[in-house]
Amino acid sequence: MLRINLLEETCSKIIYFCNKQFLKDGVCIHSPLLKLGIQDNLLLTNNLLSLYATCYGVQHARHLFDEMPERDVVSWTGVLSAYVKDGNHDEALRFFDLMKASAETPNEYTFSNVLRSCSALRNLAYGTKVQAYLIKLGFESNPILCSSLIELYSKWDFSEEAVSVFNGMENGDTVSWTAMISSFVQVGKWARALRFFTRMIEERVSPNEYTFVKVLGACSFQGINYGKLIHAQLSVWGVRLNLVLKTALVDMYAKSQKMEDALKIVNQTSEQDVQLWTTLITGFTQNSNFKEAIGAFRQMVGNNIVPNNYCYAGILNACSSTRVLQSGKQVHTQVIMAGLENDVSVGNALLDFYTKSSNTVQDVTHVFKRIVSPNVVSWTTLIAGLSAHGFQDDCFLAFLEMRFVGHRPNSFTLYSILEACGTKGARKETMKIHGFVIKTNADSDINVGNALVDAYVGAHMVDCALCYVKRMKNRNVISYTVLASKLNQRGYHRLALEIVNCMRDDDVKNDGFVISGLLSASADLGDVRTGKQLHCHSVTSGFVGWKSVLNGLIDFYGKCGCVLDAQKAFDEIPVPDIFSWNGLIYGFAHNRLTTSALSALEDMRLAGARPDSFTLSTVLFACSRDGLADLGVDYFHSLRELYDIKPQLSHCNLLVDLLGRAGRLEEAVSLVESIPFIRNNASIYKRLLCACKLHGKLLLGEEIARRGLELDPHDLEFYVVLASIYDEAGRSDLGEKMRRLVREGGLRKSSVL
């Protein structure tokens, strides 16, 4: 008997040691147990069961469990725990049902595992039954089980039930208090989480690092003052600033737009990891400090910290915002070297980057093809990328393929595909997507509904757009703002003004954005009376202080010739933005006040505002109207270089007109030839040809017509203009020859003439 006891004790120590060290060799003792006839020792078998579960998985443990002649609550709980750790929560609940059927009484550890499975499966019905069972057995005040119940109820946003469970505890410990605070943070009840933390301190329960992490998460949405108080509490309670807390503090300061404080936290201790740096990079990006984000990434790599997929996704978001192609491509190279190109989160970030930064759609499609398992975000970004590059037909094909492979489009997908419909003016596709939206009840999302309005107006189906808005159950002021804005963009200015009546009939109050859109419609119509009525309404309704309304007034008065009123509206803006400056400069240029326009440009630059593409167009327009060729050329080059404005076709058209009127045709041709994407555009050569006609430049006109026809051989308008040049040069025979070619080919009109 003594020998058997010694054997059992020895075997027990061996199994315990192997369990602790995760040594698979420990299962070799199973065979000696059988040979020695001590396999019926329940303590030994339960330890062996745990070893099988730890080292070989739940299936091996279950096989041993089924062969055990005797089982106790430890045996059942051991296998149940193995199912939970393996993530097989459905099987865990079925196994618990078997346990109840066997009449074995669960203990607190059994219930804890079962409640974890209920939380993971979001199975509230089963969870409430388990709660009733544990109350019946007298576990209703157990801190571990109460914490598990709080977590379960918080996942369903049942805060009051969670509070009821918490209040039923006799003595809440740190874990249960933290669980309660976490439950409020999860459902966005930040203020209540902070109040619970205050109660916790008042009841002299010591918070730990996890408590502070949760509370700091609430402070991110409640303001920096709360965050600083909680930061101070860390020192009061003597909690060590470890990596988890550093990351939480950096996140809090970043969301409070205090990046200098976030940087101080990073440098406060030498401990750093990829999660900390990723949080810092994300913080810089969210605060529009894109260069700092890229700098932080480089510093992280320099510190020999290896980026993970989330870090690469974060830095690619920063590159997307700067739209600097070279920076993003460098990161892409590192992604490939790290073997993460197939990762879906990195792939999605790359898709977004190339969509916003690349001029070629091939970059977008190449990245998409490299993603092994694209998700709904991948497909949505692909559709948005194709649309952004003008491949609307491919958008529709991608949408169909997405559904074919089993992905359900979400509201962002539908918004993107409807935007493509509106851009292309695709009537059939818009109606098909509308049918899908109705079928899937997706129009309950107001953004999808507004996108449908946009698509219908884009397809010039204005009656359908108006009808749909009136049928929208959740229509609001944004719906009418979208409708008015899109009608205005598409040239339906009078209809846009009538939106006010629809809003009045629906008892929907307008706001500054609606008034701004209506002012734009009045400006384009030249309807001074309506515009002034809207100005009066904005004053009486209190919206005149909105920057969007004041910008609308600048635009309206500028286009209607009331420059002094435009200046007054501008002067009322404390900090003018780019739209304010552009509106004022355009108002001056439109009314031939070129000196005032250029003076406003200099004021804009002195104020620290950055001129953009529209500013450059307006300045060139002003110079063109007054024949200031030298000044226009100077501004074209200086503004591009100083503010990194990419040349566009509209800029070159204005500059060619300016130089053409001044008779500087060779200089205009040289300009066109120096810009690759411009020299491959046939329309720019027609402008040059018109300038040749104006100045009677026959030889140059022939050369320009030849280049234009090489790019677009079917545009017979080149022959029409060239015929006029021949006639004016006294070569009517050649002019008649050109007209004969036109008659034979059939004239195709163009907007240039």
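Buried means under 20% relative accessible area, exposed means over 50%, and partly exposed is in between (1.4 Å probe, protein chains only). So Asp 657, at 23% relative accessibility, counts as partly exposed. This is a predicted model, where local features need pLDDT of at least 70 and side-chain atom pairs count only at pLDDT 80 or more, while totals for chains, interfaces and linings use all residues. Residues are numbered from 1 along each chain as its sequence is written, and side-chain values use heavy atoms, leaving out hydrogens and water.

Who does Asp 657 meet in a salt bridge? Its partner is Arg 687, with 2.9 Å from N to O; a salt bridge here is a side-chain nitrogen of Lys or Arg within 4 Å of a carboxyl oxygen of Asp or Glu. Asp 657 sits in helix α40 (residues 649-661) and Arg 687 in helix α43 (residues 682-695), so this bridge ties together parts that are 30 residues apart in sequence. (Helices, H or I with at least four residues, and strands, E with at least two, are DSSP runs numbered from the N terminus.) Arg 687 has 25% relative accessibility, so this residue is partly exposed too.

Altogether, the structure holds 27 salt bridges. Another one joins the side chains of Lys 559 and Asp 524, at 3.2 Å from N to O. Because Lys 559 belongs to helix α34 (residues 547-559) and Asp 524 to helix α32 (residues 512-525), the pair links parts that are 35 residues apart in sequence. How open are these two? Lys 559 has a relative accessible area of 27%, so this end is partly exposed. Asp 524 comes in at 38% relative accessibility, which means that it counts as partly exposed.

With a relative accessible area of 40%, Arg 706 is partly exposed, whereas Glu 710, at 54%, is exposed. These two also belong to a network of salt bridges that links Glu 673, Glu 703, Arg 706, Arg 707 and Glu 710.

## Rings in pairs

Time for the aromatics. Rings of Phe, Tyr and Trp (its six-membered ring) pair if their centres lie within 6.5 Å; planes under 30 degrees apart are stacked, over 60 edge-to-face and the rest tilted. The count by this rule is 22 aromatic pairs. Take Tyr 83 and Phe 95: their ring centres are 5.8 Å apart and their planes stand at 55 degrees, so the pair is tilted. Tyr 83 comes from helix α5 (residues 73-85) and Phe 95 from helix α6 (residues 89-101), so the pair ties together parts that are 12 residues apart in sequence. Are these two buried or exposed? Both Tyr 83 and Phe 95 are buried.

Phe 543 and Trp 546 pair up edge-to-face, with 5.3 Å between centres and 90 degrees between planes. Phe 543 is buried, at 16% relative accessibility, while Trp 546, at 31%, is partly exposed.

## A ring cluster, and charges over rings

Ring pairs also join Phe 65, Trp 76, Tyr 83 and Phe 95 into a cluster. Over the face of Phe 65 lies Arg 71, at 4.4 Å from the ring centre. A charge sits over a ring if NZ of Lys or CZ of Arg is within 6 Å of the ring centre and within 35 degrees of the ring normal. Arg 199 lies over the face of Phe 196, with 4.8 Å to the ring centre.
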